[in-house]
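Visitor: I'd like to go through this one slowly and hear where each label comes from.

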Amino acid sequence: MGQAKMIDIYIMGKKYEVPSDLTVMQAMEYSGYKLIRGCGCRGGFCGACGTVYRTPDDFRIKVGLACQMVVEKDMQFIQIPFFPANKKKYDIDEFNADLPSLMKLYPEISRCVGCNTCTKGCPQNIEVMDYMAAAIRGDIEAVAKMSFDCIMCGLCASRCPAEEVQYYVAILARRLFAKHVVPRASHLEDKSKEIEEGLLDEEINKIVAMNKEELKNLYDNRDIE
Ligand code: SF4
Ligand code: SF4
Ligand code: FES
């Protein structure tokens with residue numbers, strides 16, 4: 001395998017030379033940054049590594065996940081591991097799976113101008129504008145299902161001209177849907193009851209006493225449906 005060629009990148013305006021096959025996250029570390037924020041799973045799942053960048057051939061500001069994007073020649077970037085957003089606190093039992101509940105907590109959803117910027121910025125390829133449209137219609141099920149893969153990275157909100165907090169609207173819809181619409185899983189309730197009654201104590205204690213190797217074996221040989 002040949003060695004990757006070196007390219008220039010700009011991290012917070014400062015130039016660094018890095019191998020061209022690194023991700024943005026790896027390039028930061030290669031350049032000497034120790035990531036104590038803006039880095040979690042390194043696999044595109046945790047949403048902690050939101051990044052804003054520009055490339056010289058394009059006037060547009062773009063967003064992506066540092067652990068998922070490969071560096072480009074002369075790209076400039078900065079991380080936004082957290083995007084400021086007002087998160088409402090609520091007791092899920094006091095709200096129903098309907099439009100009035102969404103509107104009470106997030107009345108700003110009606111300000112959406114349908115520009116699709118959120119969808120274009122979503123690293124999960126979620127149709128964010130469409131789930132926001134479903135939210136405005138009060139279709140909680142559609143919002144819950146369409147936003148299922150959201151990793152709460154905040155990138156959709158970072159460029160929204162209507163200042164929406166799409167991912168908080170979406171998680172509210174998923175919670176309302178799970179709490180008020182999806183039927184209770186009876187097998188889970190049965191299992192919880194068995195645990196409460198101590199019927200699984202012996203089995204649990206056996207697992208607790210296992211060493212790492214035994215646990216690994218147990219996990220590797222588990223039944224998969
Ligand atoms: S919907 Fe928004 S917060 Fe969720 S993954 Fe997409 S860009 Fe990130
Ligand atoms: S970026 Fe904001 S205004 Fe544009 S479609 Fe998405 S939610 Fe609506
Ligand atoms: S580090 Fe978790 S998504 Fe990038």
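The chat below takes the labels one by one.

Guide: Quick ground rules: this is a predicted model, where local features need pLDDT of at least 70, side-chain atom pairs count only at pLDDT 80 or more, and totals for chains, interfaces and linings use all residues. Residues are numbered from 1 along each chain as its sequence is written, while chains are lettered from A and ligands numbered from 1 in the order in which they are written.

Visitor: What makes β1 and β2 a pair?

Guide: Strands are DSSP runs of E with at least two residues (helices are H or I runs of at least four), numbered from the N terminus. Two of them pair if DSSP finds at least two bridges between them. Strand β1 (residues 6-11) has six bridges to β2, so by the rule of at least two they pair. The two run antiparallel, and Asp8 stands opposite Glu17 in β2. In their hairpin, with two residues between the strands, Met12 takes a positive phi near 50°.

Visitor: And how do you know that β1 pairs with β5?

Guide: There are two bridges, in the parallel sense, between β1 and strand β5 (residues 76-79); the rule asks for at least two, so that counts. Ile11 stands opposite Phe77 there.

Visitor: Why are β2 and β4 called edge strands?

Guide: The open sheet has five strands in the order β2-β1-β5-β3-β4, with mixed pairing. β2 (14-19) and β4 (62-65) each pair on one side only, so they are the edges. For β4, the partner is strand β3 (residues 50-54), antiparallel over four bridges, with Tyr53 bridged to Lys62.

Visitor: What makes a residue part of the shell around ligand 2?

Guide: Its C-beta atom, placed from the backbone, has to lie within 6 Å of the molecule. For ligand 2, 15 residues surround it, and the closest are Cys112, Cys115, Cys118, Cys160 and Ala162. α3 (117-121) and α4 (128-137) give two or more residues each, with α4 giving the most, three.

Visitor: Which residues come nearest to ligand 1?

Guide: Cys122, Cys150, Cys153, Cys156 and Tyr167, out of 15 around it. Here α6 (155-158) and α7 (166-180) are the elements that give two or more.
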